[in-house]
Amino acid sequence: MTKTLIDNNNETKPKKGGPPNRINDLNYSTWMKFQKSFFRFNTVHALIEEYVYFFTKATWPTGVHSNSLIIGFKDFDAIAIPSPRNINHFSDVESLKDLTAILENENKKEKTYDLILIDLLSLIKDKDGLTDFLNNFSNQIFGNMKNILKEESYCSVFVSTGNSGGAGFPLPWAVAKASRQHLRLRDEKVALKEDDNTVFYCLIMQNKIDEDQGFELDPRLINMANENVDIPAWTLPAAPPRKKNEVLHPAKYPETLVAEFIKIFTNPGDNVLDPMVGTGSTVIAAIETDRNGYGIELNEKYADIASQRVAEKFEPTLFEDFLPQVRGVILNADATQISRIEDLKNVKFQYSITSPPYWSMLSNKGSENQRKRREKKLDIVYSENENDLGNIESYLVFIKKLVEIYNDISVYLSEGSYITIIVKNIKRDHIVYPFAWDLVSELCGPNGKYSYVGNTLWCQDNIGLKPFAVGTHWVSNTLHNYCIHLKKRT
């Protein structure tokens with residue numbers, strides 16, 4: 001459960017020996033707890049306290065006390081945060097018009113803040129509310145936020161997904177896109193509400209000029225699937241330990257995760273395709289759930305490992321009666337040339353699930369995970385092949401190439417079939433590349449082959465926290481992936 005980061009009357013100082021702490025009064029251990037990119041929601045008040053204590057010092061080195069602006073959040077008690085911090089709280093906000101008026105009035109006072117937190121949870125509830133926000137209010141709201149926020153200071157808006165479960169329109173993504181006209185989108189924290197299987201997003205921005213790296217397609221043009229599919233808002237699958245040959249692959253996902261979605265979107269005996277199968281997780285999960293699994297893998301080494309793992313599933317045992325009655329097929333081929341793969345010429349699939357390369361993220365030499373893999377002489381990239389998507393330098397070229405692959409795959413899907421794509425947004429040089437959001441915009445836009453169904457957050461509790469930028473910047477440990485669910489258009 002979310003806990004208050006700090007005792008109100010006993011703010012601790014950073015431990016000696018580390019870099020100077022320029023953001024807050026927290027010790028490094030407490031700092032790192034806040035850097036986790038998802039959390040189990042407890043109360044609004046506890047969450048707002050965490051934000052205030054993380055993004056402000058009680059008194060800055062200049063002797064000036066910190067000023068925070070909190071708009072909305074009726075359950076927040078500003079009095080509980082003691083002086084010398086100054087909290088300006090406007091709790092009575094019934095509409096976007098009210099919110100805009102408050103910000104414009106603060107702008108006229110020419111007063112600046114160290115932190116701004118805004119509650120959009122009840123103000124944007126559905127696609128119609130989003131359209132109203134984007135058409136009539138977003139430019140004024142984010143423009144005024146920029147004007148009253150101190151340079152390089154942080155602000156955050158909290159946005160609901162507008163529904164229970166994982167289905168529905170991605171409201172927070174569109175709000176985040178709109179903010180980039182005025183503020184630098186730095187990151188997100190996602191709240192998991194266990195009582196009703198919902199999530200909400202805490203979008204974190206900074207008053208700094210941003211270079212937009214995303215696509216310009218209006219999120220409101222995303223084509224939505226007609227029916228509501230019962231999918232979870234988040235999942236924390238128990239992943240078994242990786243075997244020696246599986247560790248060779250730098251980005252394997254667990255069979256338990258794949259099996260969860262296979263059971264939702266298919267029936268026993270259906271055909272499941274993974275065009276970038278790696279060491280075979282999807283095919284193994286398909287076999288274990290009585291489906292036929294097909295996997296395409298560019299790297300011959302990984303294709304051999306996948307083939308070996310599949311073969312083991314069909315080896316005779318003392319319990320021969322329980323041998324799989326389905327197929328497991330691994331093809332060492334190039335997914336960008338799927339129309340040339342003879343083994344797939346006459347096959348139709350009822351589902352596809354895959355996790356593509358996260359752009360050239362694996363070649364980031366500053367990654368601690370990459371350093372450890374180098375020390376163990378493990379692969380740090382998927383392959384040296386020029387057709388490997390992970391070797392593309394340009395982000396926009398990478399997205400377009402990936403979209404081409406998924407549009408080509410739609411030809412092999414039966415009418416009304418689904419595809420799940422597992423990705424995460426990418427951070428590089430303090431810029432957020434909204435990989436997941438851009439992929440949906442392209443695949444489900446006017447020229448795409450799919451309709452958007454929803455999203456399940458794959459949250460990873462078993463990954464240790466790293467001290468990214470402790471003492472100087474906000475950089476989260478991104479421990480959630482998007483499992484984006486799409487449906488082939490008829």
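# Group meeting: contacts and backbone in a predicted model

Glu 110 sits in the loop between α3 (96-108) and β4 (113-119). The phi angle of Glu 110 is near 55°, which is positive, and the residue is not a glycine. As background, most residues other than glycine have a negative phi, and most peptide bonds are trans. Is Glu 110 buried or exposed? With a relative accessibility of 71%, Glu 110 counts as exposed.

Asn 197 belongs to the loop between β6 and β7. Its relative accessible area is 29%, so Asn 197 is partly exposed.

One more backbone point. The peptide bond that runs from Ser 83 to Pro 84 is cis, and its omega is near 15°. Pro 84 is in the loop between β2 and β3. Please keep that loop in mind for the next part.

Now the salt bridges. Side chains of opposite charge can pair when their charged atoms come close. How many salt bridges does a search of the whole structure find? The search finds 13. I will go through some of them.

Take Asp 25. Its side chain forms a salt bridge with Lys 57, and the closest N and O atoms are 3.7 Å apart. Asp 25 is in the segment before α1 (28-34), while Lys 57 is in the loop between α2 (44-55) and β2 (67-71), so this pair ties together parts that are 32 residues apart in sequence. Asp 25 is buried, at a relative accessible area of 8%. Lys 57 is buried too, at 11%.

Asp 25 has another partner, Arg 85, and that salt bridge is 3.7 Å from N to O. Arg 85 lies in the loop between β2 and β3 (86-90) and Asp 25 in the segment before α1, so the pair ties together parts 60 residues apart in sequence. This is the loop that holds Pro 84. Arg 85 is buried, with a relative accessible area of 5%.

The next salt bridge joins Glu 194 and Arg 40, with the closest N and O atoms 4.0 Å apart. Glu 194 is in the loop between β6 (184-193) and β7 (198-206), and Arg 40 is in strand β1 (residues 38-40), so the pair ties together parts that are 154 residues apart in sequence. Glu 194 is partly exposed at 49% relative accessible area, and Arg 40 counts as partly exposed at 24%.

On to the aromatic residues. A pair of aromatic rings is described by the distance of the centres and the angle of the planes. Over the whole structure, a search finds 23 aromatic pairs. In one of these, the rings of Tyr 51 and Phe 158 have centres 5.3 Å apart and planes at 55°, so the pair is tilted. Tyr 51 is in helix α2 and Phe 158 in strand β5 (residues 149-160), and the two are 107 residues apart, so to speak a link between distant parts of the chain. Both Tyr 51 and Phe 158 are buried.

Phe 265 and Tyr 418 make another pair: the ring centres are 4.9 Å apart and the planes are at 40°, so this pair is tilted as well. Phe 265 comes from helix α8 (residues 255-265) and Tyr 418 from strand β13 (residues 413-423), 153 residues apart. Phe 265 is buried at 10% relative accessibility, and Tyr 418 is buried at 13%.

Tyr 51 and Phe 158 also belong to one aromatic cluster, whose members include Trp 31, Phe 34, Phe 200 and Trp 474.

The open sheet has 8 strands, in the order β8-β16-β17-β13-β12-β9-β10-β11, and the pairing is mixed. β8 (234-235) and β11 (328-332) stand at the edges with a single partner strand each, so one side of each has no neighbour in the sheet. Strand β10 (residues 292-297) runs parallel to β11, and 5 bridges join them. Within that pair, Ile 296 stands opposite Leu 331 in β11.

How values were computed. Residues are numbered from 1 along each chain as its sequence is written. This is a predicted model: local features need pLDDT of at least 70, side-chain atom pairs count only at pLDDT 80 or more; totals for chains, interfaces and linings use all residues. Side-chain values use heavy atoms; hydrogens and water are left out. Two strands pair if DSSP finds at least two bridges between them. Helices (H or I, at least four residues) and strands (E, at least two) are DSSP runs, numbered from the N terminus. Buried means under 20% relative accessible area, exposed over 50%, partly exposed in between (1.4 Å probe, protein chains only). Rings of Phe, Tyr and Trp (its six-membered ring) pair if their centres lie within 6.5 Å; planes under 30 degrees apart count as stacked, over 60 as edge-to-face and the rest as tilted.
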